[in-house]
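Hi everyone, thanks for coming.

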Amino acid sequence: MPVTKATSDELQLVPWPTVAPAILSEMALYLTDSRNPFVILAGAICLLSLVTKSRLPGQGAIVLPLRLVIFGIVFAASAAWRSQMTENTGNLVIALDNVGVLCAFEIAIRLWRRTETARSDMSVILFFSGVVLLCACQDEAPDHALRFSPAFFLLVLVIYPLYRKRPDFILDSPGARFVVPIKIIFIALALGLGFGTAKCFLTYQQQISMLGENILNGTGTLASHTEVSGISKSPSLGFSFNMRGSTARMLTLKDYVGDPHLRGMSFDTYANRSWLPLMEQRNVRAVTGQRLNALASGPRCSVTRYTDDDGVVFYPLDAAGLDPLNSVTINRDLSNGGPITFNGPLPVQYDIALGTGSKSVQFFNQPPSAPEKERDLDVPDEIDPRVKLIAKNIGDHVNDPFGRINAVVNYLDKNNKYSLTTNPGRADPLSSFILQQKSADCEYFASATVILLRCLHVPTRFVIGYYAHEHDGPDTIVVRGQDAHAWAESWIPEKGWITVDATPGDGRPDETASPPSISVRWTEALQDVLAAVRNWLSNLSVSQLSSLVGGILVCIGVFVYVRSRFARLTRSYSSLFVISDPELSKLSVRFIAWLDSHQLPCSEAQTWQDHLGRALNARTSQSEQNFLSKALNFVKAYSVLRFGLGAYRDAQSGRRAAALVELRNQMDDLEAQPAWTSGTEEALQRPS
Amino acid sequence: MNDTLTERALELEKNLNSVIRGKAESIRLVMIAFLAGGHVLLEDVPGTGKTTLAKSLARSLDGTFRRVQFTPDLLPADITGSNYYRPQEGIFEFRPGPIFTNILLADEINRTSPRTQSALLEAMSERQVTIDGNRRDLPDPFFVIATQNSSDFQGTYPLPEAQLDRFAARVSLGYPDIETEIDILYSQNEGHPFDVLKPVLSAADVIEMQADIRTVRFERTVAEYMMRLIGFTRSDSRVRLGISPRGSLMMYRTMQSRARLEGRDFVLPEDARALAVPVLAHRIMLDPKARYGGVQTSQVIEEAMEGVPVPR
């Protein structure tokens, strides 16, 4: 595209790319209000301005009457149309249509007039184009606005800065034959880009909104949704190859002392190699958040949960209750084995009431109902019958349940090894694990414990959760994904449910977990600080928040003011020009302070001589003139020392010293002067 | 410069003020440029005393004065002179042009062709002319007052910025105020003030003054301030061509000249502020957008002065 220097004629034309957003908004208006042919007419007039340089004179006899005629026609047509309108069309719609059409014609008028203010008309036209687009955003047709808005804003964002940086480019003269098609292609490309942008928004609307929601919730894209937490809502016994959990932080426990086993979900039915809750046939009492609140006194442990990929609350078996904090709600999830789940903004915080150890207040340690007990004793048919024989050999000769539990644990410890790599084989993996004394992970050990104890008539269930072992300070325990663990719980009459962990010591998370790196720890510390600030801010009331913001702004203002005053008083005027002579520097600081104290502040860009000279010229009173003359004399003497007296710097330092003493005396004399009278500022503001 | 010379410089200025009434500031600028060894561009409407000023200056110096009215058909040789062939002797004789003078008034310099303009401007900067391979020095002192009419552009060849840069200052006399003009009318009742002018300085005095001015102390801080002013204009987005080192050198000299005329042997920041617009404004070329937007070069200079802190 040829770039020519703009002539004075062309400068009176509105830059041609302004047509693009105007046409765009008018298209939106037409699609919204297809009853109105005026929009097409206005758009055509706008497009024609690209083809020729001919224009109407800017103001006066033609443009103003033209405006009046157009407005009259639009209103008349609107009235005629209103008489035919349907019941569904409201007055607001009609008004918006009219406003849009009037703006469209106003755009056309401005494009077609030649005026010295043509360049500022570009901004006005863009504004009116925006108004037209807004008028198109009627309730009846929001899709049009959605489709056109990105293109519109894109055009404005491209055109306006380009125009400001390269006015020659934009002011290229219209009318040349090969230029018009190029301009149309440019507009078409811009429209295409805009439609493409809109399409992207529409296609990925859900993903974009989810991303935004995650960011607002604090999880953002940095939170690891794909982190392996190790907790499965449907644990199965299968092939595993060195599956380790992540080091991502799952929980932080403060002031927790007790069993490291933090239970999350329990399962009582083994079928098809998996532990299933199978809730459909059960009659589970609904337990709401209120009934999970702490019911007993006793020590409390505060828990912070950082991820919500499973939404499960973890607690020790002997906990007395849970106490959700802030906006967290805790419920028992009836749909999936009854785990206790939470619902609240991350990180979730809740307290665990550790209770006093009495069974009566162990909310979660309730005796199984008859159906539950039946399930907790059930050995499914898929278990190899030889497992029952093994169980019988292990513990049948022991009478008490504790003895049987110990026997089973010892047996597994002796005959099976811990390993993260397991090949279950084709048969039932649990049976194979027991019969073939295989090596496997904690899920196998827990499952085997459950089945063997059931064979010995001890009601037992399978539990998954976390093993809390990592101490971070004297009263804090950090639980990570790699601390996921599985174990069994057995019911002992008069004792209640007890934790039975048959996983060998070297297979428990305290032995297998790898310590997090320093970078992970630092990241977690930073996250904690940010979370604390966020929580603190969210707990502030509106008035408190307003006070805080106001206080911060006041502090900033005071700081800036003090800094500027301090800098003004202490620096040897302008860091750009350092006064090497310390005596002279002090005198300059004193004089600046003197000027300020007498309401004669001198701006940085003004010399004292000019400043005082103006003040002197503006005063008529003899006393004021004497006052200012003294100041001027000081300035003149100061200038000699500051900018002159070159020779005295070296050879005749005595003369310089004498001059300095004299200058100091003058300064003392000035400082002894009484305060400056009013009227100085007014005098200084009078034009010189 | 010793006090005697300073007094005589002021006497010269007084001479000029007696002829050109009510324009003390403009005359001071002309004096500053003259003593700094520069030349002056007078932008004015006709009849404001440009020729009278130049003639008065020449009379006061007891020097030679020439006036050239620039027209579109003027040739460079009409300015510099040329060699004439004398057939009787068979030799070429050089006839110097009007440029060989102490004070030259180049009237309406923008009416002649760029070629002729260049011939003059080259001579102004180099103080010599080369004709047919022979170099000929111009008299010393050599001072050019060029004029152009700021309101008439028809049929003109505006001086390009590179050429404007050769002028130390751009000055405007302008119309006198009413009271002054009445004084002018009455003062010429019995003769023109120019007729009674007496020389107050010799060419040698001027040369001595110009050399002495270079001894005026220029504190580095003031030089930094001056360069920051100039640098501000160079980095301004509205400026396409900033002030050249020639401009900063001329600013340096004129500041020294002003300090001397005010009786100082050292330069102050006030000198920079007083001379910034007349010495620097005509050296700036604005961006077309700024130019068409109504920005003036003097505005750029003034904004620079508002933006750069002054050393104290």
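First, the ground rules. This is a predicted model, in which local features need pLDDT of at least 70 and side-chain atom pairs count only at pLDDT 80 or more, while totals for chains, interfaces and linings use all residues. Residues are numbered from 1 along each chain as its sequence is written, chains are lettered from A and ligands numbered from 1 in the order in which they are written, and side-chain values use heavy atoms, with hydrogens and water left out.

Let's start in chain A. There, 4 strands make an open antiparallel sheet in the order β5-β16-β19-β20. Strands here are DSSP runs of E with at least two residues, helices are runs of H or I with at least four, and both are numbered from the N terminus; two strands pair if DSSP finds at least two bridges between them. At the edges you'll find β5 (261–267) and β20 (496–500) of chain A, each pairing on one side only. From one strand to the next, the twist averages 40°, taking axes as lines fitted to C-alpha atoms and angles from 0 to 180 degrees between N-to-C directions. Within that sheet, β19 (residues 484–492) of chain A meets β20(A) over 5 antiparallel bridges, and A:A488 has A:V500 as its bridge partner.

Now over to β4 of chain A, residues 249–254. Here 5 of the 6 residues are buried, meaning under 20% relative accessible area, where exposed is over 50% and partly exposed is in between (1.4 Å probe, protein chains only). β4(A) runs antiparallel to β18 (residues 476–480) of chain A, with 5 bridges, and A:T252 faces A:V478. β4(A) also pairs antiparallel with β8 (residues 300–305) of chain A over 4 bridges, with A:K254 opposite A:S302.

Chain B gives us a parallel one: 5 strands in an open sheet, ordered β2-β5-β8-β1-β9. β2 (65–69) and β9 (169–171) of chain B each have a single partner strand, so one side of each lacks a neighbour in the sheet. The twist averages 20° from one strand to the next. β1 (residues 40–43) of chain B joins β9(B) through 3 parallel bridges, and B:L41 sits opposite B:R170.

Last stop, back in chain A: which helix gives the most to the nonpolar patch? That's α17(A), with 7 residues. One residue in helix α17 of chain A is A:V560, which is partly exposed at 47% relative accessible area. Thanks, all!
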